[in-house]
Amino acid sequence: MSDQLSNAQPQFLTVGEGEAAREIAMLVRPAQAGNGAPALVWLSGYRSDMSGTKAVELDGLAAELGLACIRLDYSGHGLSGGSFGDGTISRWLEEALAVIRHVAPERVILVGSSMGGWIALRLAQELVRQGGPKLAGMVLIAPAPDFTSELIEPNLKAKERKSLAERGYFEERSQYSPEPSIYTRALIEDGRKNRVLDGIIETGCPVHILQGMKDADVPHAHAMKLVEHLPADDVVLTFVRDGDHRLSRPGDIALLLSAVKGIIRSSTNRQMPACMAEADKFA
């Protein structure tokens, strides 16, 4: 599917105040009149944006089913303002929460890829703590909760630790971009404050995790560890035996869209009987 499905121009929302203010770009597809299904919310990974393949395909599914779809670029990403080097989990979480509150759907399904899975899990906690739209479900693609403390810090080399101490960041060659990936001391320190794998995570909704078994960035054991921290939720974990971190091949996309449809059906079935008639269109 192509982004031409939506001719919507990006909207911008100012998040933060004073020197911390930044313009956050978002693409919002409204639901068709009378469609009471949850809005889909796309949460990108580290250095990814809302124009990526999976994000566009999700928006295409929303168009097909008449659903609302919300996409955003974190600060320092895509069309949004702000410096990438200032980015932290807390900062990007604040932006995602602000966009959701601005659009104000009644119910949401969070679809998070890689770091976006971490943001989704933190959003679930904040929506319960602060109030907001009801969380109807989550689909997490190669989720990377706590990646700074679980996957980066334990594997830091001496020269990377030295760079963090002296320069405040270190660089790592990226297989996805000619530009190196940059990890800042602020990101790592803030990551410790946003850990979710140090206790039970209660989302109160069904969760479907898609994980490639040939993922070189987030090992599939990490997804299994996440499941252990979701004992109270209805969790489905789907392994893709030959899948990499991106899970962007046509077959992977089909799995993603099928998982989202399954969550939509589940959320519809949990509503009042008057809504039951909507379920057939998601079959």
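**Exercise 1. Determine the strand order of the open sheet and find which strands stand at its edges.**

Step 1. The open sheet has 8 strands in the order E1-E2-E4-E3-E5-E6-E9-E10, and its pairing is mixed; strands here are DSSP runs of E with at least two residues, helices are runs of H or I with at least four, and both are numbered from the N terminus. Two strands count as paired if DSSP finds at least two bridges between them.

Step 2. Strand E1 (11–15) and strand E10 (235–240) each have a single partner strand, so one side of each is left without a neighbour in the sheet.

Step 3. From one strand to the next the twist averages 20 degrees, where axes are lines fitted to C-alpha atoms, for helices over the stretch in contact, and angles run from 0 to 180 degrees between N-to-C directions.

The model is a predicted one, in which local features need pLDDT of at least 70 and side-chain atom pairs count only at pLDDT 80 or more, while totals for chains, interfaces and linings use all residues. Residues are numbered from 1 along each chain as its sequence is written, and side-chain values use heavy atoms, with hydrogens and water left out.

**Exercise 2. Describe the pairing of strand E6 (residues 134–141) and how far E6 is enclosed.**

Step 1. Strand E5 (residues 107–113) runs parallel to E6 through 7 bridges, and Leu 110 has Met 138 as its bridge partner.

Step 2. E6 is also parallel to strand E9 (residues 207–212), through 4 bridges, with Val 139 opposite His 208.

Step 3. Because 7 of its 8 residues are buried, E6 is largely enclosed by the rest of the structure. The crossover from E5 to E6 goes through helix H3 (residues 115–130) and is right-handed.

**Exercise 3. Identify which residues of the largest nonpolar core touch the most other members.**

Step 1. A nonpolar core is a set of buried Ala, Val, Leu, Ile, Met, Phe, Trp, Tyr and Cys residues joined through side-chain atoms within 4.5 Å.

Step 2. Among the 51 residues of the largest core, those touching the most other members are Leu 43, Leu 110, Ile 119, Leu 123 and Met 138. H3 supplies the largest share of this core, 8 residues.

Step 3. Leaving aside neighbours within four places in sequence, Ile 119 is in contact (heavy atoms within 4.5 Å) with Leu 43, Tyr 74, Ile 89, Trp 92, Leu 93 and Ala 96.

Conventions
Buried < 20%, exposed > 50% of the residue type's maximum accessible area, 1.4 Å probe, protein only. Right-handed = clockwise from strand over helix to strand, strands pointing away.
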